[in-house]
Amino acid sequence: MENSKVYSKIIYTDSPEIELTDWAAGYDKGKVFLVTEENVDKLWLPKFSKFIEFQSIKKIVLPAGESNKKLESVIKIWEFLSKNGADRKSLVINIGGGMLTDLAGFAASTFKRGVDFINVPTTLLSQVDASVGGKTGINFNGLKNEIGTFKNPVAVIINTDFLETIDHPNFLSGFAEMIKHGLIKSTDHLDELKGFNLNDIDYKSLLQIIQHSVDIKEYFVFNDPTEKNIRKALNLGHTAGHAFESLAMEQNRPVLHGFAVAWGMIVELFLSVKNCELDETYSNELTQWLLKIYGKFEINESDFDRLFELMTHDKKNESGRINFTLISEPGKMKINHNCEKELIFDALKYYSEL
Ligand SMILES: NC(=O)c1ccc[n+]([C@@H]2O[C@H](COP(=O)([O-])OP(=O)(O)OC[C@H]3O[C@@H](n4cnc5c(N)ncnc54)[C@H](O)[C@@H]3O)[C@@H](O)[C@H]2O)c1
Ligand SMILES: O=C(O)C(=O)C[C@@H](O)[C@H](O)[C@H](O)COP(=O)(O)O
Ligand SMILES: [Zn+2]
């Protein structure tokens with residue numbers, strides 16, 4: 001897909017600091033701000049020190065981790081921008097994983113009703129999914145991304161070098177969103193993921209696969225930027241997945257977002273067989289593949305009511321009905337598929353007994 005078709009410029013580069021220097025040149029000196037988090041700051045910000053010094057860029061470093069994707073962190077960013085004289089023509093550069101780009105994207109999109117921001121994603125998940133497409137947000141009241149905006153970064157700068165320092169679980173977490181992209185749009189993408197050796201990661205071949213995944217994300221974002229219809233495809237696995245993620249947080253056994261999405265996809269593959277004519281044998285094969293990579297988040301029947309309650313908060317719901325994105329075959333998704341409570345409980349029971 002051509003860049004002209006998307007709302008943000010997606011740049012794949014070996015030299016993110018050069019790209020950032022070019023972008024920063026378009027803004028007044030002293031009006032460029034950098035937001036990052038502690039792990040990325042230690043591991044990667046030294047690489048940007050010349051750029052930061054030369055442009056007199058002010059930086060804020062936030063605590064890492066999903067539990068920090070919250071209002072208090074947004075307030076820290078707003079205060080930082082305000083105290084340092086950010087104005088409407090300022091640029092905010094977000095360097096980090098999906099937690100950081102969601103959080104800082106939200107802060108930038110609301111500060112003075114919105115200032116330009118650039119995402120520099122540093123995890124696989126943020127490169128293939130979170131940094132692209134303009135969904136920003138924070139968790140609130142125990143619910144995922146309950147508060148947020150749609151606001152596209154002016155640019156997304158992707159450099160796969162960052163991925164060499166992420167741990168294996170976080171690599172797998174991003175891989176789950178890529179599997180989702182394959183399931184909703186492209187059997188070719190799904191096949192290349194099936195062929196990818198997760199035990200011995202070939203970083204050189206990653207760039208191409210990442211580009212394929214981002215192209216799929218962009219296709220849906222471009223055609224439906226604010227999720228009125230087909231962008232809901234990108235939410236496959238998330239109705240159940242976000243419920244798993246929130247429950248895990250409540251029960252003090254947090255899980256990575258992509259793992260929750262993988263388990264959510266298993267639940268939603270079951271629903272796709274029951275309600276959407278997905279072939280059962282094929283669904284079982286996919287389920288076994290997902291279980292092999294992601295293991296299982298153990299739940300029992302006493303969790304079903306809470307999981308259901310959490311699903312009632314999903315943003316795709318309408319008129320009190322829980323709407324799922326399902327598939328009839330890989331590459332063929334169906335949106336707004338309402339499932340009754342009884343069937344959802346059957347799906348949770350099926351999952352819990354795997
Ligand atoms: N906006 C969207 O469209 C969208 C899409 C998918 C997911 N998300 C959100 O993204 C978040 C998950 O993002 P994530 O998986 O990137 O998690 P994350 O940002 O929490 O990063 C995971 C871990 O990796 C560390 N890290 C980041 N970059 C690193 C690097 N290069 N080397 C070593 N460690 C590094 C972080 O400090 C953290 O400990 C969730 O909040 C999810 O809801 C948003
Ligand atoms: O970009 C989208 O649209 C997505 O749904 C991508 C998801 O992977 C992502 O987790 C997103 O943040 C979920 O959004 P939500 O609206 O369900 O909170
Ligand atoms: Zn997701």
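**Where the domains meet**

Guide: The centres of domain 1 and domain 2, taken over C-alpha atoms, are separated by 26 Å. Domain 1 covers 3–166 and domain 2 covers 172–352 of the protein chain, with bounds from an automatic or database domain assignment. This is a predicted model, in which local features need pLDDT of at least 70, side-chain atom pairs count only at pLDDT 80 or more, and totals for chains, interfaces and linings use all residues. Residues are numbered from 1 along each chain as its sequence is written, and side-chain values use heavy atoms, with hydrogens and water left out.

Between them, domain 1 and domain 2 bury about 2,700 Å², 65% of it on carbon and sulfur atoms; buried area is the accessible area (1.4 Å probe) that two parts lose on being put together, summed over both. On the side of domain 1, Tyr12, Val128 and Lys144 lose the most area to domain 2, together 23% of what that side buries.

Now for the charged links. The rule finds four salt bridges across the interface of domain 1 and domain 2, each a side-chain nitrogen of Lys or Arg within 4 Å of a carboxyl oxygen of Asp or Glu. Aspartate 129 and lysine 180 form a salt bridge through their side chains, at 3.2 Å, N to O. As for the side of domain 1 that touches domain 2, β1 (9–12), α6 (124–130) and β7 (143–150) each supply at least two of its residues; helices (H or I, at least four residues) and strands (E, at least two) are DSSP runs, numbered from the N terminus.

Conventions: Chains lettered and ligands numbered in written order.
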